[in-house]
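Here's a quick briefing to read alongside the model. Have the viewer open, and pick out the residues as they come up.

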Amino acid sequence: MTTPSDTRVTLSEIMRATEANLLGTVHGGNLMKAVDSIAGVVANRYAGGPAVTAALDEMTFLTPVRVGDILHSSAQLNWAGRSSMEVGVRVEVDRWDSNTDRVHVASAYLVFVAVDADGKPKAVPPLDLETPEEKRRFREAQIRREHRLARRAAIEASREAELAEGMAAASEGDA
Ligand SMILES: CC(C)(COP(=O)(O)OP(=O)(O)OC[C@H]1O[C@@H](n2cnc3c(N)ncnc32)[C@H](O)[C@@H]1OP(=O)(O)O)[C@@H](O)C(=O)NCCC(=O)NCCS
């Protein structure tokens, strides 16, 4: 069985001038791409095949990344359900112009769903939890999942209620 630490992956890259925003620092979209890419690596490897991004939430940008900085993105699986998985990503940089400690610049949680050749959800293996840290991350991921699903259900219910109200008003107008 696979533990969360078995799934850990780190990628490093130098930030180029083509990745800058109007302020001259690295565009947030490029950091989001780095986060999605590394989380995808973790999810695909764990699923043993393709997995698609279903949601990206709680992405925090803590401090700007500068052109020339060395970006280190680390990711690991926090939680696995039937077909969905939560991957946690932490992004740090080494500043290009100093030997100071690594700086934490961003974090995010992403949901991936393993899919078959037709793009339909496919089962993933259960995750083996060993350390107290892995168990804590799993529990917290479960809480985030419940919130995501509850939010999605509440929005769908609100849209259905609005649709039903509109249809009721239209049929009153016809009468
Ligand atoms: C992700 C996708 C496959 C889910 O398909 P679906 O028909 O909604 O599947 P289901 O409702 O059966 O959900 C499948 C799993 O995903 C979870 N899920 C789906 N959307 C979710 C969301 N927004 N947040 C959390 N979990 C979600 C479900 O809870 C379920 O988990 P489980 O199997 O572990 O219990 C589908 O929505 C899709 O293809 N989306 C587009 C993906 C994409 O193009 N990504 C960008 C490029 S990779």
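This is a predicted model: local features need pLDDT of at least 70, side-chain atom pairs count only at pLDDT 80 or more; totals for chains, interfaces and linings use all residues.

**Overall layout**

- The protein chain has two helices and five strands, and along the sequence they run β-α-β-β-β-β-α.
- With a radius of gyration of 20 Å, well over the 16 Å that the globule rule gives for 175 residues, the protein chain is more spread out than a compact globule.
- If you're setting up a box, the C-alpha atoms of the protein chain fill one of roughly 75 × 45 × 35 Å along the principal axes.
- Buried residues come to 26% of the 175 in the protein chain.
- Take the contacts in the protein chain with a separation of 6 or more: 72% of them join residues 24 or more positions apart.

**Annotated domain**

- An unreviewed UniProt entry puts the feature "domain: HotDog ACOT-type" at residues 5–118.
- That stretch, residues 5–118, is 18% helix and 45% strand, and its end C-alpha atoms lie 30 Å apart.

**Around the ligand**

- There are 17 residues around the ligand, and A54, G81, R82, S83 and S84 come nearest.
- Two or more residues of this shell come from each of β2 (51–61), β5 (103–114) and α2 (132–174).
- By type, the shell around the ligand splits into eight nonpolar, five polar and four charged residues.

**Nonpolar core**

- The largest nonpolar core has 35 residues, and the members that touch the most others are A39, A43, M85, V87, V89 and F112.
- At least two residues of this core come from each of α1 (28–47), β3 (70–80), β4 (84–94) and β5.
- Which residues does M85 contact, leaving aside its neighbours within four places in sequence? The list is A43, Y46, A51, L77, W79, A80, F112 and V124.

- Not counting residues up to four places away in sequence, G68 touches I14, M15 and W96.
- G68 and D97 are 29 residues apart along the chain, and their C-alpha atoms are separated by 8.4 Å.
- D128 is in the loop between β5 and α2, and it is exposed, with 12 other C-beta atoms within 10 Å.
- Beyond its neighbours within four places in sequence, D128 is in contact with M1, T2 and T3.
- D128 and E19 are 38 Å apart in space, C-alpha to C-alpha, and 109 residues apart in sequence.

Conventions. Residues are numbered from 1 along each chain as its sequence is written. A residue is near a molecule or strand if its C-beta atom, placed from the backbone, lies within 6 Å of it. Helices (H or I, at least four residues) and strands (E, at least two) are DSSP runs, numbered from the N terminus. Ala, Val, Leu, Ile, Met, Phe, Trp, Tyr, Cys and Pro count as nonpolar, Asp, Glu, Lys and Arg as charged, and the others, Gly among them, as polar. The radius of gyration is taken over C-alpha atoms; the globule rule is 2.2 Å times the number of residues to the power 0.38. A residue is buried if 20 or more other C-beta atoms lie within 10 Å of its own, exposed if 12 or fewer, and partly exposed in between; C-beta atoms are placed from the backbone. Two residues are in contact if their C-beta atoms, placed from the backbone, lie within 7 Å. A nonpolar core is a set of buried Ala, Val, Leu, Ile, Met, Phe, Trp, Tyr and Cys residues joined through C-beta atoms within 7 Å. UniProt positions are given in the numbering used here, feature names are shortened, and annotations may be inferred rather than shown by experiment.
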